[in-house]
Amino acid sequence: MIGRPNTGKSTLVNALVHEKISIVTSKPQTTRHSILGILTEPEVQVVLVDTPGLHGGSSRLINRAMNRSATASMTGADLALFMVDATGWTSGDNHALERLQEAGIPAFLVINKLDLLKRREDLLPVLENFSARGDFAEVIPISARRGTNLERLLDTIRQSMPLGPQLFPPEAKTDRSMEFRIAEVLREKMLSMLRQEAPYGLAVEVLALEKRSDLILADAVIWVERESHQGIVVGRHGEQIKKISTSARMDLEAIFSRRFYLTTHVKVKENWGDSVRALRQLGYEESL
Ligand SMILES: Nc1nc2c(ncn2[C@@H]2O[C@H](COP(=O)(O)OP(=O)(O)OP(=O)(O)O)[C@@H](O)[C@H]2O)c(=O)[nH]1
Ligand SMILES: [Mg+2]
């Protein structure tokens with residue numbers, strides 16, 4: 001999956017794998033790491049790589065690490081799904097398309113958010129206009145959120161998969177640990193529940209995890225970049241962090257079909273987004 005932020009890449013990965021592997025919010029730059037979503041069928045295994053939305057204009061280390069993680073994911077991939085939003089082609093799409101072209105791998109153009117087009121007849125000009133912008137093996141309009149045309153997309157993907165050994169056991173849905181997924185769900189809740197810039201300066205790390213037969217206990221640290229953000233996350237009398245934790249817990253219980261007990265601590269780590277050491281600790285080592 002490749003494209004500018006917010007086009008619906010993570011939504012599609014989750015829809016195709018039938019599980020919430022990757023977090024989704026209405027804010028751009030939600031995904032920060034490359035995350036595998038694995039779909040195993042009797043005849044074919046498709047390993048989807050969700051990636052951070054490609055973006056320019058920021059010199060922060062975290063943004064460079066995100067972009068590098070996305071471009072590195074294209075190396076060795078059999079196929080790119082280049083995702084755009086049906087409501088308009090932007091300069092951000094051009095920027096992402098350049099990265100795709102540099103990778104030189106075959107690509108499908110996936111035009112998402114079909115449901116946002118007001119009339120059926122609006123689709124044809126979009127198809128014509130968008131498909132002329134690059135060299136795409138297929139052009140497939142979908143709605144990842146509603147599930148429209150996903151079977152056709154999947155069929156076309158299946159047909160272009162090369163013969164090879166099965167890379168993952170059939171029960172594997174992702175390469176990411178439970179710690180990572182818990183941290184991500186917490187980050188998702190903060191991105192959607194907190195206002196303005198605070199959520200962009202957040203990182204979450206699950207430091208302890210205990211799996212009991214009927215209960216999972218997780219202890220998470222939420223890193224903020226500034227003292228003022230600590231108050232925003234915690235809220236008055238701790239109300240905000242309580243809401244965040246409750247909402248995360250409910251999601252996690254649905255994803256893993258287990259009861260969860262979550263504890264959180266909010267700590268300041270100044271400018272972690274520009275610190276190589278902090279980013280390594282948060283799992284960016286492969287792309288720094
Ligand atoms: N209307 C509509 N909204 C969609 C569709 N697919 C995704 N969205 C919404 O678009 C927003 C972004 O979705 P994501 O899946 O997080 O997008 P992304 O491309 O992974 O974004 P980054 O991780 O920031 O690169 C969310 O609010 C989704 O609910 C769709 O088919 N129709
Ligand atoms: Mg995403």
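Modeller: Domain bounds, as I use them here, come from an automatic or database domain assignment. For this protein chain that assignment gives domain 1 (9-159) and domain 2 (178-287), and the contact between them takes 13 residues from domain 1 and 14 residues from domain 2, where two residues are in contact if their C-beta atoms, placed from the backbone, lie within 7 Å. The centres of the two domains, taken over C-alpha atoms, are 26 Å apart. This is a predicted model, in which local features need pLDDT of at least 70 and side-chain atom pairs count only at pLDDT 80 or more, while totals for chains, interfaces and linings use all residues. Residues are numbered from 1 along each chain as its sequence is written, and chains are lettered from A and ligands numbered from 1 in the order in which they are written.

The protein chain has 9 helices and 8 strands, which are DSSP runs (H or I of at least four residues for helices, E of at least two for strands) numbered from the N terminus. For 288 residues a compact globule would have a radius of gyration near 19 Å, and the 19 Å of the protein chain agrees with this; the radius is taken over C-alpha atoms, and the globule rule is 2.2 Å times the number of residues to the power 0.38. Along the principal axes, the C-alpha atoms fill a box of roughly 55 × 45 × 40 Å. Among contacts between residues at least 6 apart in sequence, 66% join residues at least 24 apart. Of the 288 residues, 37% count as buried, a term that requires 20 or more other C-beta atoms within 10 Å of a residue's own, whereas exposed requires 12 or fewer and partly exposed lies in between, with C-beta atoms placed from the backbone.

Helix H7 covers residues 227-234, and His-229, Ile-232 and Val-233 are buried in this helix. Seen down the axis of H7, these buried residues fall within an arc of 95°, so they line one face of the helix; the arc is that of the directions from the helix axis to the C-beta atoms. The face turned away from that buried side carries the exposed residues Glu-227 and Ser-228. What covers the buried residues of H7 includes helix H6 (178-193), strand S7 (215-224), helix H8 (239-256) and strand S8 (259-268).

Ile-222 is, with Ile-2, Phe-82, Val-110 and Leu-186, among the residues that touch the most other members of the largest nonpolar core, a set of 65 residues. Such a core is a set of buried Ala, Val, Leu, Ile, Met, Phe, Trp, Tyr and Cys residues joined through C-beta atoms within 7 Å. The core draws at least three residues from each of domain 1 and domain 2.

Strand S7, part of the cover over H7, runs antiparallel to strand S6 (residues 203-211), and 8 bridges join the two; strands pair if DSSP finds at least two bridges between them. A hairpin joins S6 to S7 through 3 residues, and Val-206 has Ala-220 of S7 as its bridge partner.

The chain just beyond H7 also deserves a look. Gly-235, just after the helix, takes a positive phi of about 75°. In the loop between H7 and H8 lies His-237, with a phi near 55°, a positive value in a residue other than glycine. His-237 counts as exposed because it has 7 C-beta neighbours inside 10 Å.

His-18 lies in the loop between H1 and strand S1 (35-40), and with 10 C-beta neighbours inside 10 Å it counts as exposed. Lys-113, by contrast, sits in the loop between strand S4 (107-112) and helix H4 (123-131) and counts as buried, with 22 C-beta neighbours inside 10 Å. Among the residues that Lys-113 touches are Gly-8, Asp-85 and Ser-143.

Note on methods:
Lists of a residue's contacts leave out its neighbours within four places in sequence.
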